[in-house]
Amino acid sequence: MAASMLILRGKARLLGHSRRAAAAAASSLTDAFPVLSTTAAPSTPDRCPAPVPQFGASTPFTAGSGGSRGFASSSGGSTGGDKSSVNPPDMPNIFELFERLEAEYAHLPRLPIVFGDGEEAAEKTVRRLKEQEKQEAIQAQRVRKVDKHGVARGLGKRKSATAHVRLWENTAGVSGAQQTVNGKPMNIYFANLAHRQNVLAPFIVSGTTGMFNFGVTVHGSGLSSQSQAVRHGLARALQSYNPEFRAALRPAGLLTRDTRVVERKKPGKAKARKSFQWVKR
């Protein structure tokens, strides 16, 4: 039947095979099951059109007498579905044909899924695949980077502040954690609670609070920018210590360098954008 041939070809296209492979699959199944051939289908009566066949074990399709088409019933009629009916021996189940199609052509390479039609859609698909391969290659290059003492390092920046971070595992417990900034305890150097939250954000996001010691040397800008530079450096150091932390740090934006800085003053202006007061006379 033509409908079965179209279904088989459509199934092969959905599996990602080429049109040639889909046509070959449909023709091979037609040879195995002659009932699927378009030439073997009975003619349609002149007065009434053929009903749309519903394939499946619950409502099997069969050819009626006199060239008519209908659904088999327990009473032998050509209309009215009957769940107790079974497929005739020469009519295979369409789902079995799909399974055989998948098994026979599983070795063929899958074509990439193209969204849309035309050359532009194909070019977008190629670019997407290239970018995916590039990201996979970059991901493969990310390995654990620590020195012989097990110390990971990270460089953080914010505005004109620069923080050099050294990170190593804490083996003395949470109470014995060593967290220093410019030689002072972190809670003393950053007395503001918001600044401490900036410093501890990478550990909270990655779920490693109290598991690491760190020593930071930071200079430039003010305390607010220094705390954000330390946060940036700690996030990078955690990624160097264990690349798996990147999955939690990256969505939170902790690995991204914040490039915002104060806009420079312009000549003829009071500030970057502000103008002097204008007097008419």
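Student: How is a residue classed as buried, exposed or partly exposed?

Tutor: Buried means under 20% relative accessible area, exposed means over 50%, and partly exposed lies in between, with a 1.4 Å probe and protein chains only. Helices (H or I, at least four residues) and strands (E, at least two) are DSSP runs, numbered from the N terminus. In strand 7 (212-219), 6 of the 8 residues are buried, so that the strand is mostly covered. This is a predicted model, in which local features need pLDDT of at least 70, side-chain atom pairs count only at pLDDT 80 or more, and totals for chains, interfaces and linings use all residues. Residues are numbered from 1 along each chain as its sequence is written, and side-chain values use heavy atoms, without hydrogens and water.

Student: Which strands does strand 7 pair with, and in which direction, parallel or antiparallel?

Tutor: Two strands pair if DSSP finds at least two bridges between them. Strand 4 (161-169) runs antiparallel to strand 7 and is joined to it by 8 bridges, whereas strand 5 (residues 179-181) runs parallel to strand 7, with 3 bridges. Phe-214 of strand 7 stands opposite Leu-167 and also opposite Gln-179.

Student: How many residues of helix 7 are buried?

Tutor: In helix 7 (residues 223-241), 15 of the 19 residues are buried.

Notes
Expected span 1.5 Å × (residues − 1).
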